[in-house]
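Trainee: I'd like to learn how to read a few side-chain features. Could you walk me through them?

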Amino acid sequence: MAEELVLSKLDADTAAVLIGIGGGYCFRSRLAALGFTPGTRVRVIQNLGRGPMIVALRDTRIALGRCEAQRIRVRIDADKP
Amino acid sequence: MSDKPKHPIRVALAGQPNVGKSTVFNLLTGLSQHVGNWPGKTVEQKTGTCQQGELTFEVVDLPGTYSLSANSPEELIAREYIIREKPDVVVAVVNASAIERSMYLVAELLPLPAPVVVALNMLDVADQEGVVIEPHVLEAALGAPVVSMVASRGQGILELLERVRGLVCLGAHYEPNVPDVRSDHKQVLERIEQLVREHVPAGYPSSWVALKVLEGDRQLTELLHDRLHPEDWTEIQQILHEHEDAFLAVAGGRYEWIARMVRAAVVKPKAGQITLTDRLDRWATHPFWGLVILAGILGLAFWLTYAVGSPVQALIYRHLVAGLANWAQQRLAWSPPWLIGLIVDGVIGGVGTVVTFFPILLVFFAIFGALEDIGYMSRAAYVMDRFMHLMGLHGKSFLPLFLGFGCNVPAVLGTRVVDSERARLLTILLAPLVPCTARMAIVATIAPAFFTAPTLVSWGLVAVNLGVLALVGIALNRFVLRGEMVAFVMELPLYHIPNWRTIGTLAWQRLVSFLEKAGTVILAASLLVWALSSIPGGGIEASLLARFGRTLEPLGRLMGLDWRMMVALLSSFVAKENSLATLAVLYGGAGEGQLATVLRNHVTPAAALAFLVVQMLFIPCAATMAAVRSETNSWRWTAFCVVLLLVVSLAGGIASYSVARALGF
């Protein structure tokens, strides 16, 4: 089974499955409403290694701050994106 | 006729951001719109009516929200409106090109008491993305009416009204399929419902309240605290404690339900297809080219504003304001001079200032609206995010600040796009430091009289303002508005063709709200300054304003400014460009054309530079101040803003005068 990482570590064009989100209730419930629920497939669109990044999930592109992306735990998706 | 109701049909329009909700609202209500605030909130409320045959529809536009939790005032407003005001129908606008996510709000709306009609909008964008949707299949799954729409082309609006009528007047069958919580949480949900059933406030469905409590909703949990028996309350607390992550089960349950609903109705393209948005974003969100594109678009926005707005502004001034002043002067020739002064300088001068703002503002609002509607605004916010971070702000604060280059009033009003209250306040406080067109006009008049490279000086002054803005932002973030930054999570919508009617309506509404906010304030300030400069009579040099200016002279001396310069600064409170007119009067009644020459004989270059620096950083004009007051809803923060800018501008003036003197100017 693939290892668990934080979303901010993923390169562009990588697909992953969401495992969990850390942080306060407000933050987590806001993300859950946007579709960040465990088991959701996420694809990284842009990640420059610093500053915000862009991910796609549930047919939506979402810009995330780096701190926010560091709280999202994922596992690399074995299937192709 | 049996189907004709006695009252108008009350429709609440709900939808997530970026689903084309305002376009649907504009289509429905046209020019009958009324824009105001939700009671006690700085959240915009739009209402309007729609006449269709014999029927009247009263439409309320609910705030655009992703969900109906208690995390933001917008979400609370939306759900409380539906529960308390009991609209006949809720129209939920859904974006067909992001159907999975935008159905989430539908999943939240269905358990509420009002029947829901789903407006499946932006089918053209979905088509462009290769997504195929069969609305009938979706309708069969949902058990609620689904109407296909391309609101930007006006398609689907009649059918939407027909389906609303069907539900309200004809009693069409309505039995929606309501989402369920994930199976591992069903039992606790049932238990919570048993406990709260007898105690929910009237009008609140107990199953919905139970679900929200399980989700950890603070508002409803607090509401129940006082109503429940202590032992029941303890049991609920116990359940919530054991199921801390229940909100994930609830949200997950809703998404599973959505997947079931859309499974048969939606055919998505194969993954890996490169779409228009992908291609455009490769440039627009690029760390380097994204900034270049942003600079280009903003440059174009400036150019358009000057090319279109300024000549119209000059025309309006020449023909309307100056013409009216002349006409009034002739008609009032019989009356005492003070009355002529009051009417011509006080009233017409003040109203004229408001009117001449129009073209510039309209062009700027239209550009802003177009960037919003196309979907570009969030990309600009994205590429600017790393710079805004320095001030504890997110990229979303960048565009309202940019609007400030046109006029600070729309900048302050535009901060509503910023989603945290702290960041919004900080953005409002920084907005007056963006040099507006009125201030640039002063620089353009005075700089050439004193400096051999006036363009360089002008750019230098703009750079000083932006530098001060950054420093003040960093300082406020560090010392005054401390607190955690709210998470930066922002949707990047798909690009799509803008709807000109939506942009036009939005620009017009923003202009009207500017007029409502600024009009009376500018007029009052104009009358005040007129009174201060004409009482007790005998010309402005003997007036109260001049006396006040003279008492400020010791302060002015630190910047090389005499009392006339100080009075000019004071009069810029009405509107920044009033400085020029005041200087022209005080320096021997020179026409504005000769002002430069006259000034050169009275003022040193070092003092002129100090004057320009102070003017660029000075306290906000009356209209901006009124906007700051209404948007912060606090006199304290308004006063803070004024004092802050007063200190900053005087310090800047003293510093630049000393430096210029030291350099031998």
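**Reading contacts and cores**

Mentor: Let's start with a polar contact: the side chain of Glu631(B) makes one with the side chain of Arg416(B), at 2.8 Å. The term covers a pair of N or O atoms within 3.5 Å; within protein, one must be able to donate a hydrogen and the other to accept it, and residues adjacent in sequence count only if both atoms are side-chain atoms. Bear in mind that this is a predicted model, where local features need pLDDT of at least 70, side-chain atom pairs count only at pLDDT 80 or more, and totals for chains, interfaces and linings use all residues. Residues are numbered from 1 along each chain as its sequence is written, chains are lettered from A and ligands numbered from 1 in the order in which they are written, and side-chain values use heavy atoms, with hydrogens and water left out.

Trainee: Is Glu631(B) buried or exposed?

Mentor: Buried means under 20% relative accessible area, exposed over 50%, partly exposed in between (1.4 Å probe, protein chains only). Glu631(B) is at 3%, so it counts as buried.

Trainee: How many disulfides does the structure hold?

Mentor: A disulfide is a covalent bond between the sulfur atoms of two cysteines; the cut-off is within 2.5 Å. Over all chains there are zero. Cys436(B) is buried at 8%, and Cys621(B) is buried at 9%.

Trainee: Which residues have the most contacts inside the largest nonpolar core?

Mentor: Such a core joins buried Ala, Val, Leu, Ile, Met, Phe, Trp, Tyr and Cys residues through side-chain atoms within 4.5 Å. The largest has 121 residues, and Leu430(B), Ile446(B), Leu583(B), Leu599(B), Phe611(B) and Leu612(B) have the most contacts inside it.
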